[in-house]
Amino acid sequence: MTTTPVAPATMRKSALWALGLLALATGALESVVTPTLPLLQRELDMSPAQGALLSIVLLITGALVTPVAGKLGDRYGGKRMLIRLMTVVCAGGLVSALAPNLPVLLLGQVLQGAMVGALPLSFILVRKHLPADRSKVAIGVVSGLFVGGGMAGTLSAGPVAEQLSRHWMFALPTFAVIAATALLGRLMPDDQPGHPRESGIDWAGLALLSLTLVTLMLVLALAPEIAAQPLVLAGLLVLLAAFATGWVAVERRAASPMVDLTMLAQPAVWKSCLLTFVICVGTSGALYLVPQLFAVSGDGYGFGAGATQIGFYLLPGAVAATLAGPLGGLATRRFGSRAVVASGAVLLAVGLLAMAAVHTEVWHLIVGKALVGLANGLCITAMVTSTATSVDEGDTGIATGLVLVTRVLGFAVGVQVCGAILTAGTLPGSDVPAESAFVTGFVIAGAVTALSLLVVRTTGKGTRS
């Protein structure tokens, strides 16, 4: 696709910082649920499986919105689509802030998930308005501020929820997003849209993929409760298979598919996707189980921590995950993607199994979570880099997009499985999962991660990584 050239260096510093402020605010809004999930479960009377669903619904929406947002941004202009996207995000933040119950909060999180598409739109604006050397720096600034916003949200969500209410922990960053969006609309120069594509957006594929993911999450979330009703469970599984089959059929025939399934025939791509899925399933075990274990107060296990304490306990893991990106890039260049992924997978499995065996002190979980965050970042960076360098230049976006969508799917499945394990491990009349349920979750996550080493052995052969 060709685009109308735009004179470089037309973006002033004020516009760039408005874009950075928006990234900071959206990062904070995205991260408020993780440290406060135990508090939300108590206040809204959620089961662990329902809490798991709440923690991933934003990511699922983001996985669906991101490729569409990028295409629309290329076609109609990055600024125009970014402002419209952030309008949806702001509406979602306000719905979440006012939500009286779980269904309304889930709706708010679905709308907030549109924020995941903001980063590619921001990169479109940066590349259109700045020369190549400055655009690389600007992309780094925007990405860094988004990560910084996530850490700020992790730290502030607990104190705000405990001192004010859960409503304000959504409202305050939403107000910041509204202000940043208004500032961006005023300061950011308009970008000229590109030429319309010959083929449109794959709306049928998007709809079927949405139905497939929603049905999959329902099966995982409801499995512990409907296990005694095999006909209901079987019906959901049949529905899931029908949606998935229909989606594959549509994508194979679409002129411009949302997900290019033919790309998966390339060994470098399908192995990267498989590794990404398995590693993210393992990582999500720590992502979900560690805050839950911090919060519970069982007989000889758990710490009864509040939302504020949980936020501080999770901070080292967030810092480790942030550092993992540049470290992974350097290590991949020095040692190759295969060595980095193998090392990261071993580190991840060790961290998960260590938390299964030893979790009697707060620092055990802090160190374990930091190891998991570092290992996951190393693996994902190496796999994205390997995939990008193993396909033709014109296929880079499609191939890396497949890996990133698989990453979200892996997190979603892993979190829901861990939520179902805790739900099944909660005795009737009690709201505290048994210690064995946490151990089981960590062990399963570690074992799944260890299995990834079987795939790692065959990667990197014949690639340009």
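1. Basis of the model. This is a predicted model, in which local features need pLDDT of at least 70 and side-chain atom pairs count only at pLDDT 80 or more, while totals for chains, interfaces and linings use all residues. Residues are numbered from 1 along each chain as its sequence is written, and side-chain values use heavy atoms, with hydrogens and water left out. The chain has a mean pLDDT (the predictor's confidence in each residue, from 0 to 100) of 78, and 80% of its residues reach 70 or more. Over residues 1-9 the pLDDT is below 50, although this stretch has 21 contacts in the model beyond near neighbours in sequence; a contact means heavy atoms within 4.5 Å. Residues 461-465 also stay under 50, and the model has 13 contacts for them beyond four places in sequence. Where pLDDT is low, the predicted coordinates should not be read in detail.

2. Helix α1. The expected span of a helix is 1.5 Å times one less than its number of residues. Helices (H or I, at least four residues) and strands (E, at least two) are DSSP runs, numbered from the N terminus. Buried residues of α1 include A15, L16, L19, L22, A23 and T26. Here buried means under 20% relative accessible area, exposed over 50%, and partly exposed in between, with a 1.4 Å probe and protein chains only.

3. Overall composition. The secondary structure comes to 16 helices and zero strands. Of the 465 residues of the chain, 51% count as buried. Among contacts with a separation of 6 or more, 82% are accounted for by residues 24 or more positions apart.

4. The salt bridge. A search of the whole structure finds one salt bridge, defined as a side-chain nitrogen of Lys or Arg within 4 Å of a carboxyl oxygen of Asp or Glu. E43 and R166 form this pair, and their closest N and O atoms are 3.1 Å apart. The pair links distant parts of the chain, with E43 in helix α2 (residues 33-43) and R166 in helix α8 (residues 166-187), 123 residues apart. E43 is partly exposed at 46% relative accessibility, whereas R166 is buried at 8%.

5. Helix α8. The 22 residues of α8 should span 32 Å at 1.5 Å a residue, and the end C-alpha atoms are 33 Å apart, which agrees. Among the buried residues of α8 are R166, F170, P173, V177 and L184. An α-helix has 3.6 residues a turn, so residues three or four places apart point the same way.

6. S96 and its contacts. S96 lies in helix α4 (residues 78-98) and is buried at 0% relative accessibility. Not counting residues up to four places away in sequence, S96 touches L105, G108, Q109, Q112 and F170. F170 is itself one of the buried residues of α8.

7. L53 and its contacts. L53 is found in helix α3 (residues 48-76), and its relative accessible area of 18% makes it buried. L53 touches L106, M217 and Q416, leaving aside residues up to four places away in sequence. L53 and M217 are 164 residues apart in sequence but 7.2 Å apart in space, C-alpha to C-alpha.

8. The loop residue D45. D45 is found in the loop between α2 and α3. D45 has a positive phi of about 55° although it is not a glycine. Most residues other than glycine have a negative phi, and most peptide bonds are trans. At 69% relative accessibility, D45 counts as exposed.

9. Aromatic pairs. The search finds three aromatic pairs. Rings of Phe, Tyr and Trp (its six-membered ring) pair if their centres lie within 6.5 Å; planes under 30 degrees apart count as stacked, over 60 as edge-to-face and the rest as tilted. F294 and F303 have ring centres 6.1 Å apart and planes at 50°, so the pair is tilted. F294 is buried at 0% relative accessibility, while F303 is partly exposed at 26%. F294, F303 and Y313 form one aromatic cluster.

10. Cysteines. The count comes to zero disulfides, where a disulfide is a pair of cysteine sulfur atoms within 2.5 Å. For C379, the nearest cysteine sulfur is that of C280, 8.8 Å away. C379 is buried at 0% relative accessibility, and C418 is buried with a relative accessible area of 4%.
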